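The following exercises concern the model shown below. Each task is followed by a solution in steps.

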Amino acid sequence: MMSKRIVIKVGSNTLTNEYNKLDHHFIATLVEQIADLCRQGHEVVLVSSGAIAAGLEVLNLDKRPTDIPSLQACASVGQVALVEMYGAQFGRRGFPIGQVLLTKPDTENEVSYAHAKDTFERLLALGAIPIVNENDTVAVEEIAFGDNDTLAALVAEMIGADHVVILTDIDGYYDKNPMICPDAQLVERVAEVSEEMIEDAGDSGSGLGSGGMRTKLEAAKSLLDHEITMTLCDGRCANVVVDAVAGSSSGTVFDHSLVE
């Protein structure tokens, strides 16, 4: 199998359980899948949400705050807990990790962009797994409106990834909203993302997450423009990450090569 450079994004709703706490069992299975890919010779970057959810747990808060300073405080505390957890899980499997916190200006400034790219390249060359998240403690706008779907696409484009796997709490892209349309059908293959598809998608997610189908389609459109494949799938399915990279995922594959 040819080795690939892969970006995996996992959202807060997928990382947490029914009590809005980090699901450590699930996280262990996700880390094992990533470790398996690395053993196969792939290079993997993990874009992980969950800092605010982790912060709520550490600070013993019952619900997500609504004011920006409290959200930033939760993110600050939670980011430490999140990285420590990933470090322990990957460390047990013999893989070091590196933390990379980015904001949108980091990807828009030529100098910052170049330094970030160099950091990713060096981490991967050293056999470390970059754990990426938005720097929520300073990016006020990103807490209120941001999402890691966009960040995952930007990172993939920055490092020249072959494949982006978006792990979410649904099993792919549907031709209609499956929450309100019983006849909605899963679309297994998408070659192009139109503006109409994006406009028809919802604007926000639910629970702890900040993204929705719209942001995922926008990420897919950008990735297709860069000839990068994206798979959107249910993160809770067994072995879903390994299957997605192997091309046997049950989700939706966005692939420019499908254009006739």
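**Exercise 1.** Does M85 count as buried or exposed, and at what relative accessibility?

*Solution.* The model is a predicted one, in which local features need pLDDT of at least 70, side-chain atom pairs count only at pLDDT 80 or more, and totals for chains, interfaces and linings use all residues. Residues are numbered from 1 along each chain as its sequence is written, and side-chain values use heavy atoms, with hydrogens and water left out.

Step 1. Buried means under 20% relative accessible area, exposed over 50%, and partly exposed in between, with a 1.4 Å probe and protein chains only.

Step 2. M85 has a relative accessibility of 11%, and therefore counts as buried.

Step 3. M85 belongs to helix α4. Helices (H or I, at least four residues) and strands (E, at least two) are DSSP runs, numbered from the N terminus.

Step 4. Apart from neighbours within four places in sequence, M85 is in contact (heavy atoms within 4.5 Å) with L22, H24 and I27. I27 lies 58 residues from M85 along the chain, and their C-alpha atoms are separated by 8.9 Å.

**Exercise 2.** Determine which residues of helix α3 are buried, and what covers them.

*Solution.* Step 1. Helix α3 spans residues 51-58, and six of its eight residues are buried.

Step 2. The buried residues are A51, I52, A53, A54, G55 and L56.

Step 3. Their cover includes α4 (68-92) and β4.

Step 4. Just after α3, N60 adopts a positive phi of about 55°.

**Exercise 3.** Describe the order of the sheet and the pairing at strand β3.

*Solution.* Step 1. Eight strands form an open sheet with mixed pairing, in the order β3-β4-β2-β1-β5-β9-β10-β8. Two strands pair if DSSP finds at least two bridges between them.

Step 2. β3 and β8 (189-190) are the edge strands, each pairing on one side only.

Step 3. β3 pairs with strand β4 (residues 129-134) in the parallel sense, over six bridges. In this pair, I97 stands opposite I129.

Step 4. Strand β3 (residues 97-102) has G98, V100 and L102 on its covered face, while I97, Q99 and L101 are on the uncovered one.

Step 5. Elsewhere in the sheet, β9 (residues 229-234) and β10 (residues 252-254) are antiparallel over three bridges, with L232 opposite T252.

**Exercise 4.** How do helices α10 and α6 pack against helix α8?

*Solution.* Step 1. Axes are lines fitted to C-alpha atoms, for helices over the stretch in contact, and angles run from 0 to 180 degrees between N-to-C directions. Angles under 35 degrees count as roughly parallel, over 145 as roughly antiparallel, 65 to 115 as roughly perpendicular and the rest as oblique.

Step 2. α8 (residues 148-159) and α10 (residues 213-225) pack at about 15°, with their axes 8 Å apart. The two helices are therefore roughly parallel.

Step 3. This contact involves D149, A153, A156 and E157 of α8, together with T215, K216, A219, S222 and L223 of α10.

Step 4. Helix α6 (residues 110-125) packs against α8 at about 80°, with the axes 10 Å apart. These two helices are therefore roughly perpendicular.

Step 5. Here Y113, A116, K117, F120 and E121 of α6 meet V155, E157, M158 and I159 of α8 in the contact.
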